[in-house]
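Have a look around first, then work through the solutions step by step.

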Amino acid sequence: MGVLEAILLTVITAATPLVLAAIGELVVERSGVLNLGVEGMMIVGAVTGFAAANATGSPLVGVAAAALGGMVLSALFAFLILFLVANQYATGLALTLLGLGLSGMIGEAYVGTPGVRLGRIDIPVLSDIPFLGPVLFSQDILVYLSFALVAGVSWFLFRSRAGLVLRAVGDNHASAHALGFSVRRVRFAAVLFGGACAGLGGGYLSLVYTPQWIEGMTAGRGWIALALVVFASWLPGRLAVGAYLFGAVMILQFHAQAAGIGIPSQFLTMLPYLATVVVLVAISRDRTRIRLNTPATLGQPFVPDR
Amino acid sequence: MNAEARHTDTGSEAAKPANSQPTLLEARGLTKAFGDFLACDHIDFSIRRGEIHALLGENGAGKSTFVKMLYGALQPTSGEIRWKGEPVSIDNPATARRLGIGMVFQHFSLFDVLTVAENIALALAGKVGPGALAERIRTVSRDYGLPLDPMSIVADLSVGERQRVEIVRCLLQEPDLIIMDEPTSVLTPHEAEDLFRTLARLTGEGVAILYISHRLEEVKRLCHAATILRHGKVVGSCDPAGETPASLARMMVGADVREVRHREQARLDMPVRLELKHLSLPPAGPFSVPLVEIDLAVRGGEVVAIAGVAGNGQGELFDALSGERPLHDRGALVIDGHEAGRMSVGARRRLGAAFVPEERLGHAAVPGLKLSENVVLTRHGEHHVVRGGFLKGGARAIADRVVESFDVRKSHRDPEARSLSGGNLQKFVVGREIDRQPGVLVVSQPTWGVDAGASADIRQALVDLARAGSAVLVISQDLDEIFEVADRIAVVSRGRLSAPVPAATTSRDDIGLLMGGIGHGGEGASDAA
């Protein structure tokens, strides 16, 4: 295996949790909801995934449990903001704090326990392609899922009727309601999807990245995922590019440390956020494009009148 | 009935539907209560096939609540709706559309970032392929004289074009009843004529139209029947062709509506108090209009009105005048001899200018603040209101005075701004500025959505202020209002301003052509050239 292949493999490993969590949040935000609880849903996904895999010995059960864990937490969020019309920003932040605390409590028993690693699946024929094979087609199921999700969400948003309804709800919830669409139902489904994706992103960390439970192991990846959605200006393709870019920066950080380059690691940790700020400034110059993709009702509460 | 013959019969009344036409929709004792308040109180109503039926009433009379119940957006508290003779329960708009009830909204229910075809697809229940849908849109828009490109993004369309999208969307659902809420309020007179032709054609095909409008001339000309609401109750019904606009207004208000009195003509020897010199402003965002080389001088003692179709730069012009968007060139705006182009809103106010923006709630007034606190917001420069950073009692006195002289109706002394009805709040925000006796007053849409009685009061106050020596600039889309108050009229179109002309020697048609004219891309363009 060449050096470049090895680097690409680590970049994909670093980027996959970001892709998973961010693609879910992209769908949530496209429906007009801002869920700042990604970090919390990820870490709960990480701990439930680890616990389920540990109890059953099956990493696949762990994957399902991770998705479920994130989803349950997001269901709480959806209930609070959609039916009790709680403030989305405050509720999302509370969700992150709740998730961090909850995961620490559940995970206490698992600290130091060896984990179960999700195995790689070689796709026949394709994995034998030189260079591309080992990088793209000899991965675990979550990586394949992340590829499929980016393509699937892109198709869903721009080619399917349900996706059109979702975008319409995000653009103008009052009109969508007037046309007879259930704004709350669409948003509930989107939030649940986002929760499941964030849970999977967390599960990737505890089942693949470092197959063990460490408290706070998401280490801010949920926030990077949130930044990514804006960075990508709510487009799935751009989101994938951004995620691998951010993944590369994170890997660079380790290599720079190992090579003893005198850049403080804190500075490299800042890079994804710095990149988001730079990109935000850059794309804000072209307001037309930003406006066309930004969900106009993002973060606004909706109460249907009856 | 010959639809074709009527189609070519430009803008005249549609023929009467035969009384033998079956009743399409009937409401019996329809009531909607919000808490203790009855928005609709036992309304009986019926409409026949092929009929254009006007629903008249002041703001807050219950028109919107009533049609929302017919369209399934609100649920009646009691009473029943019969559709083609059968009692029905319309629990949401999708049900209404399935039955054959379509609605064209006053504030368009379109999605800005989607294409025309996508917007229409959202309202159609069945699965239609994008190609087939685009074809159907083209067919319907051609048949009914509503030109549209299915692939354009709604945000790029003019207001008139957006309405066409709404209408085509409605027609594709093949409705038997179309509810139209103030359809002509955003159209040029020319576009309105096109709409009337489309309506005539539809009624010829047996479609019934429930028509809400404040424009009584139009109702008289177009509608076969009218039902009048006041305070949520039906107070009368009539054949509008046999009435005059004044008699219709009397039925709506329940009293005579005063006409604005111009006590004397504006004098032409007064000094210029507000002057715009080559005022230009780049667009603020992708969907806003740039202002191009605007020249205008308003003398003390006169009211100048700026007409124009919504979205042609009125908002931008107001922001430039009020200082919400300061200009680059300090000389582009002169207030009472002072170059004010780069001044802040507060500095312009201190020169004696006053500004009343279009949105009363959220822009002209803070919803959650009391009236007296809202007074402080625009008048904190006055010593009896604020001194040394401390609030003085003056604001309360001003609020009381405005309430008194403008007959602002409210539940108790000094309520929150949001608790006032639209018309009363509008009287308050206009009155708050007029109470200062400003040397220059710029007001945008002074009577937007305000009922006839309150409108007359506000318009009279504007004329009186001018006659007392102030320069008054009114930005409005309502031609009736403009001809009522203005001494001179200019038209804004695509960010350019026409030279002002005296109102006395100008006709509505001339203004209408200018409104649709200058390079507006629509059918109006060729006529105006």
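This is a predicted model: local features need pLDDT of at least 70, side-chain atom pairs count only at pLDDT 80 or more; totals for chains, interfaces and linings use all residues.

**Exercise 1: a glutamate in chain B**

B:Glu218 sits in helix α8 (residues 216-222) of chain B; helices are DSSP runs of H or I with at least four residues, and strands are runs of E with at least two, numbered from the N terminus. Residues are numbered from 1 along each chain as its sequence is written, chains are lettered from A and ligands numbered from 1 in the order in which they are written, and side-chain values use heavy atoms, leaving out hydrogens and water.

Task: decide whether B:Glu218 is buried or exposed.

Solution: B:Glu218 counts as buried because its relative accessibility is 9% (buried is under 20% relative accessible area, exposed over 50%, partly exposed in between, with a 1.4 Å probe and protein chains only).

**Exercise 2: a serine in chain A**

Task: work out where A:Ser103 lies and what its side chain reaches.

Solution: Start with helix α4 (residues 88-107) of chain A, which holds A:Ser103. Next, at 1% relative accessibility, A:Ser103 counts as buried. Finally, its side chain reaches the backbone oxygen of A:Leu100 at 2.9 Å.

**Exercise 3: confidence**

Task: find where confidence is lowest in chain A.

Solution: Chain A averages a pLDDT of 89. Helix α13 (residues 287-293) of chain A has the lowest confidence there, at a mean of 62.

Key: A polar contact is a pair of N or O atoms within 3.5 Å; within protein, one must be able to donate a hydrogen and the other to accept it, and residues adjacent in sequence count only if both atoms are side-chain atoms. pLDDT is the predictor's confidence in each residue, from 0 to 100.
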